[in-house]
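User: Could you walk me through how to read a few features of a protein model? I would like the general idea and then the case at hand.

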Amino acid sequence: MAAKVNGSSALVKEDEEPMDITVSHTELYQTLIDAGLPRKVAESLDKIFQTGKCKGGLVAYTDLDERAIDALREFNEEGALSVLLQFKESDLSHVQNKSAFLCGVMKTYRQREKQGSKVQESTKGPDETKIKALLERTGYTLDVTTGQRKYGGPPPDEVFSRAQPGIGTEVFVGKIPRDLYEDELVPLFEKAGPIWDLRLMMDPLLSEHFLFIFLF
């Protein structure tokens, strides 16, 4: 159709063709499709593999086992995309088993679904700079899952190389504020004695943390 544009004639298309936007996939995309994942879910997971990154950690296809893929397949598309978004935004700095971590995210999502509540973004996490400084100072390791942050257990050999402390050395501490992490807890409990391990339990459905700590 001809139309006047700034005093001159111009040809205007009534029905313009939509732009052809091509989404690039890795060779793993088809593997995810063959595993039974919906297209959008496969694309979301494939994008995580392409960038290789979630918050604070690298994620590769080999990090996820069949159990995690099978569990993800049981979700509807909306739920699976929400789970992957939460997984991508989780801090994986000290997560050794990312497949188990993803399964934990899915379990939490299911629990919240049953309670009729929407999955919310995780609360503000620890200061990773301070956590790194603590680990460098003590030589301990930190292993994070969706339900627990385990500091030590065992400690470095130069700190303690004998058998694990027995009955009577474990202390339970409840009502730990959700914004307290190892960088503040460890120096506090070090005043009572050397630490074998400190396990900070984090139930996302509760408003508080609690912990178990072995002293030797």
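User: Leaving aside its neighbours within four places in sequence, which residues is Tyr151 in contact with?

Analyst: Happy to start there, and do keep in mind that this is a predicted model. Contact here means heavy atoms within 4.5 Å. Once neighbours within four places in sequence are set aside, Tyr151 is in contact with Leu134, Leu135, Thr138, Tyr140, Thr141, Leu142, Glu182, Val186, Ile195, Trp196, Asp197 and Leu198.

User: Which residues have the most contacts inside the largest nonpolar core?

Analyst: Tyr151 is one of them, alongside Leu45, Leu72, Ile195 and Leu198. That core has 45 residues, and helix 5 (residues 98–114) supplies the largest share, 6 residues.

User: Glu182 was on the Tyr151 list. Is Glu182 buried or exposed?

Analyst: The general idea is a cut-off: buried means under 20% relative accessible area. Glu182 has a relative accessible area of 1%, so Glu182 is buried. This residue is found in helix 7 (residues 182–190). Not counting residues up to four places away in sequence, Glu182 touches Ile131, Leu134, Leu142, Arg149, Tyr151, Pro187 and Leu200.

User: How do I read the packing of two helices, and at what angle do helix 2 and helix 4 pack?

Analyst: Look at the angle and the axis separation, then at the residues. Angles under 35 degrees count as roughly parallel. Helix 2 (residues 39–51) and helix 4 (residues 77–89) pack at about 10°, and their axes are 9 Å apart. That makes helix 2 roughly parallel to helix 4. On the helix 2 side the contact is made by Lys40, Val41, Ser44, Leu45 and Ile48, and on the helix 4 side by Glu77, Ala80, Leu81, Leu84, Phe87 and Lys88. By type, the residues of this contact divide into 7 nonpolar, 1 polar and 3 charged.

User: Now aromatics. How many aromatic pairs does the structure hold?

Analyst: The structure holds 8 aromatic pairs. For each pair, check the distance between ring centres and the angle between planes: over 60 degrees counts as edge-to-face, under 30 as stacked and the rest as tilted. The rings of Phe172 and Phe210 have centres 5.7 Å apart and planes at 50°, so this pair is tilted. Phe172 lies in strand 7 (residues 170–177) and Phe210 in strand 9 (residues 208–215), so the pair ties together parts that are 38 residues apart in sequence. The rings of Phe210 and Phe212, with centres 6.2 Å apart and planes at 80°, are edge-to-face. Phe172, Phe210 and Phe212 form one aromatic cluster.

User: What is the relative accessibility of Phe172, and what is that of Phe212?

Analyst: Phe172 is at 51% and counts as exposed, whereas Phe212 is at 24% and counts as partly exposed. Phe210 is also partly exposed, at 27%.

User: His209 is in strand 9 too. Is His209 buried or exposed?

Analyst: His209 is buried, with a relative accessible area of 3%. Beyond residues up to four places away in sequence, His209 touches Gly174, Lys175, Ile176, Pro177, Arg178, Leu180, Tyr181, Leu200, Met201 and Met202. His209 and Leu180 are 29 residues apart in sequence and 8.5 Å apart in space, C-alpha to C-alpha.

User: Where is the place of Ile167?

Analyst: Ile167 is in the loop between strand 6 (148–152) and strand 7. With a relative accessible area of 94%, Ile167 is exposed. From C-alpha to C-alpha, Ile167 and Phe214 are 9.6 Å apart in space, and they are 47 residues apart in sequence.

Terms used: Residues are numbered from 1 along each chain as its sequence is written. This is a predicted model: local features need pLDDT of at least 70, side-chain atom pairs count only at pLDDT 80 or more; totals for chains, interfaces and linings use all residues. Side-chain values use heavy atoms; hydrogens and water are left out. Axes are lines fitted to C-alpha atoms, for helices over the stretch in contact, and angles run from 0 to 180 degrees between N-to-C directions. Helices (H or I, at least four residues) and strands (E, at least two) are DSSP runs, numbered from the N terminus. Angles under 35 degrees count as roughly parallel, over 145 as roughly antiparallel, 65 to 115 as roughly perpendicular and the rest as oblique. Ala, Val, Leu, Ile, Met, Phe, Trp, Tyr, Cys and Pro count as nonpolar, Asp, Glu, Lys and Arg as charged, and the others, Gly among them, as polar. A nonpolar core is a set of buried Ala, Val, Leu, Ile, Met, Phe, Trp, Tyr and Cys residues joined through side-chain atoms within 4.5 Å. Buried means under 20% relative accessible area, exposed over 50%, partly exposed in between (1.4 Å probe, protein chains only). Rings of Phe, Tyr and Trp (its six-membered ring) pair if their centres lie within 6.5 Å; planes under 30 degrees apart count as stacked, over 60 as edge-to-face and the rest as tilted.
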